Number of protein chains: 2
Amino acid sequence: MNDKAVVLLSGGIDSTTTLAIAIDQRFDVFAISFCYGQRHKVELEAAKRIAASFNVKSHLMLDVDLTAIGGSALTGNLELPKDRDVEKMSAEIPVTYVPGRNIIFLSLALAWAEVLGACDIFIGANAVDFSGYPDCRPEFLAAFEEMANLGTKAGIEGKKMSIHAPLIKLTKAQIIQKGLELGVDYSLTLSCYDPTDNGRACGKCDSCLLRKKGFQETGIPDPTVYHKK
Amino acid sequence: MNDKAVVLLSGGIDSTTTLAIAIDQRFDVFAISFCYGQRHKVELEAAKRIAASFNVKSHLMLDVDLTAIGGSALTGNLELPKDRDVEKMSAEIPVTYVPGRNIIFLSLALAWAEVLGACDIFIGANAVDFSGYPDCRPEFLAAFEEMANLGTKAGIEGKKMSIHAPLIKLTKAQIIQKGLELGVDYSLTLSCYDPTDNGRACGKCDSCLLRKKGFQETGIPDPTVYHKK
C-alpha cells in the first residue's frame with residue numbers, strides 16, 4: 001500500500017504540477033481545494049477537472065469564508081493590478097496578497113492529513129517566479145512544519161509531518177517542463193485572478209503574466225485562450 | 001488610542017477570562033468565534049453574551065466546517081467520554097481532540113489581526129487543568145508565533161506578531177479567581193461538550209468535570225445549573 005499525501009490544489013500550473021509530482025513519487029493523493037470567497041472561484045472547476053484527470057483517491061472541497069476577514073484584492077473590492085512588469089513583481093507584496101492564506105490552507109490540510117493518517121503535505125509554493133507573497137518562502141514553510149509537529153497528536157506521537165514544496169526553487173518555465181514530462185495537460189489549468197464566468201483568462205493580471213512568461217521561456221505553445229489580447 | 005488585540009472566544013471559562021485580561025491590559029478587543037460544526041454549537045450563544053457584556057469593538061463569527069475533516073468526538077459521531085478521572089485527563093490525548101483545531105483557529109485569528117493592524121492575539125490555552133491536547137502546550141504556541149512572523153506581510157515588515165496565552169500555567173481555580181478579580185460573570189459562560197439545546201451543561205464530560213473541579217478548589221459556588229446531577 002502506498003503512503004497517503006494531501007496535496008493543495010487550486011487549479012493553476014503550480015498546484016497541478018505538484019500533484020503530478022506527488023503521484024510520480026508513488027503517493028496515494030488526497031487533493032484539497034478551498035472555496036474561500038475568491039473572485040476567481042471558477043478556478044475550482046479547473047481543480048475538479050484536474051483531480052478527476054489524475055484519478056486522485058479523494059478530492060475535498062472545503063468552505064472557509066475569507067471575505068469576512070478581507071484585506072485582499074482577491075477577496076474584496078480592492079482593484080486588481082494589471083499589466084505589471086513581471087521582473088519587478090516580487091519586489092513588494094501586492095494587493096493580491098491574502099493575509100494568512102497559505103497558513104490557513106496548510107492548517108486545514110494538516111488537520112485532514114492527521115485524520116487520514118498521512119504524514120506528507122504537498123504545496124505548490126514557489127519563490128522564484130512569484131508575486132512576493134511571504135507565505136510562499138522556504139523559511140515560512142520550514143517554520144510551519146516545525147509548528148505542525150508540535151501542535152498535532154501525530155507530531156508529538158513521533159510521526160514526522162512533512163511539508164513538501166517541490167517547486168520552491170524552480171522558475172515557471174522549469175515547472176512547466178517538469179509537468180509536461182509527467183504528462184500534465186495544462187489546458188485543464190486556470191491561473192487567472194480575473195477570469196470570465198466560464199473560465200476564460202484575462203491575460204493581464206500578475207498570475208496570467210507569470211504564466212505567459214513561463215510558456216514563452218519554455219518555447220512551448222501556451223494552451224490558454226485569453227479573453228483579452 | 002489603544003492597541004488592538006484579537007481574542008479567541010469560545011464562550012467557556014478560559015477564553016472569557018483571557019478576554020477580561022486583554023481588556024484589563026488596555027487593548028481594544030476584537031473577539032473571534034468559530035462555528036466549526038461542534039456538537040456544542042450552543043456555546044456560541046455564550047460567546048455572544050460575553051462579547052456583549054464586555055462591550056468588545058467587534059465580534060466576528062466565522063464559519064469553517066471541520067465536520068468535513070472529522071476525526072473527533074466533538075465534530076463527528078465518536079462517543080463522548082463521561083465521568084473520567086480528572087487527575088488522569090492529561091495523561092493521553094482523548095477522542096475530543098479536534099485535529100488541527102487551535103492551529104486553524106489561530107491561523108484565522110492571525111489573518112484577521114493582520115487586516116486590523118493588530119499585533120497581539122490572545123488564546124485561553126492552558127496546560128495545567130486540561131485534556132492533554134497538543135495544541136494547548138507552550139512549545140506549540142511559541143512555534144506558531146515564530147511561523148506567524150515568517151508567513152505574514154506584517155511579520156516580515158518588522159511588526160512583531162505575538163501570541164499571548166496568559167492562562168498557560170494557571171490551574172482552573174487560579175483562572176477563576178483571576179476572572180472574578182476582573183469582574184467576569186461566569187454564569188454567562190458555557191463549558192460543556194454535551195449541553196442541551198438551550199445550553200444546560202451535562203456535568204459529566206471532561207470539560208464540565210474540569211470546570212467543577214475549578215470551582216470546588218476556589219471555594220466559590222459554581223453558578224452553572226447542570227442538567228444531570
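This is a predicted model: local features need pLDDT of at least 70, side-chain atom pairs count only at pLDDT 80 or more; totals for chains, interfaces and linings use all residues.
At what angle do helix H6 and helix H7 of chain A pack, and how far apart are their axes?

## Packing of H6 and H7 in chain A

Helix H6 of chain A, which covers residues 172-181, packs against helix H7 of chain A, residues 206-218, at an angle of about 70°, and the two axes lie 7 Å apart. Because angles of 65 to 115 degrees count as roughly perpendicular, H6(A) is described as roughly perpendicular to H7(A). The crossing of the two helices is right-handed.

On the side of H6(A), the contact is made by Lys172(A), Ala173(A), Ile175(A), Ile176(A) and Gln177(A), while H7(A) contributes Leu210(A), Lys213(A), Gly214(A), Phe215(A), Glu217(A) and Thr218(A). Sorted by class, the residues in this contact are five nonpolar, three polar and three charged.

## The contact between the chains

Chain A and chain B each give 37 residues to the contact between them. On the side of chain B, the elements that supply two or more residues are strand S3 (58-63), helix H3 (101-116), helix H4 (138-151) and helix H5 (153-156). Of these, H3(B) gives the most, with ten residues. The side of chain B that touches chain A has 22 nonpolar, eight polar and seven charged residues.

## Helix H4 of chain B

H4(B), one of the elements on the side of chain B that touches chain A, has 14 residues and reaches 20 Å from its first C-alpha to its last, which is close to the 20 Å expected at 1.5 Å a residue. The helix is mostly covered, with ten of its 14 residues buried. Those buried residues are Phe140(B), Leu141(B), Ala143(B), Phe144(B), Glu145(B), Met147(B), Ala148(B), Asn149(B), Leu150(B) and Gly151(B).

The cover over the buried residues of H4(B) includes elements of both chains: helix H3 (101-116) and helix H4 (138-151) from chain A, together with H3, H5 and strand S5 (162-164) from chain B.

## Gly219 of chain B

Gly219(B) is found in the segment after helix H7 (206-218) of chain B. Is this residue, Gly219(B), buried or exposed? Gly219(B) is exposed, because there are 8 other C-beta atoms within 10 Å, and a residue counts as exposed if that number is 12 or fewer. Gly219(B) and Asp185(B) are 34 residues apart in sequence, and their C-alpha atoms are 16 Å apart in space.

Technical notes. Residues are numbered from 1 along each chain as its sequence is written. Chains are lettered from A and ligands numbered from 1 in the order in which they are written. Axes are lines fitted to C-alpha atoms, for helices over the stretch in contact, and angles run from 0 to 180 degrees between N-to-C directions. Helices (H or I, at least four residues) and strands (E, at least two) are DSSP runs, numbered from the N terminus. Angles under 35 degrees count as roughly parallel, over 145 as roughly antiparallel, 65 to 115 as roughly perpendicular and the rest as oblique. A crossing is left-handed if the near helix is turned anticlockwise from the far one by less than a right angle, and right-handed if clockwise. Two residues are in contact if their C-beta atoms, placed from the backbone, lie within 7 Å. Ala, Val, Leu, Ile, Met, Phe, Trp, Tyr, Cys and Pro count as nonpolar, Asp, Glu, Lys and Arg as charged, and the others, Gly among them, as polar. A residue is buried if 20 or more other C-beta atoms lie within 10 Å of its own, exposed if 12 or fewer, and partly exposed in between; C-beta atoms are placed from the backbone. The expected span of a helix is 1.5 Å times one less than its number of residues.
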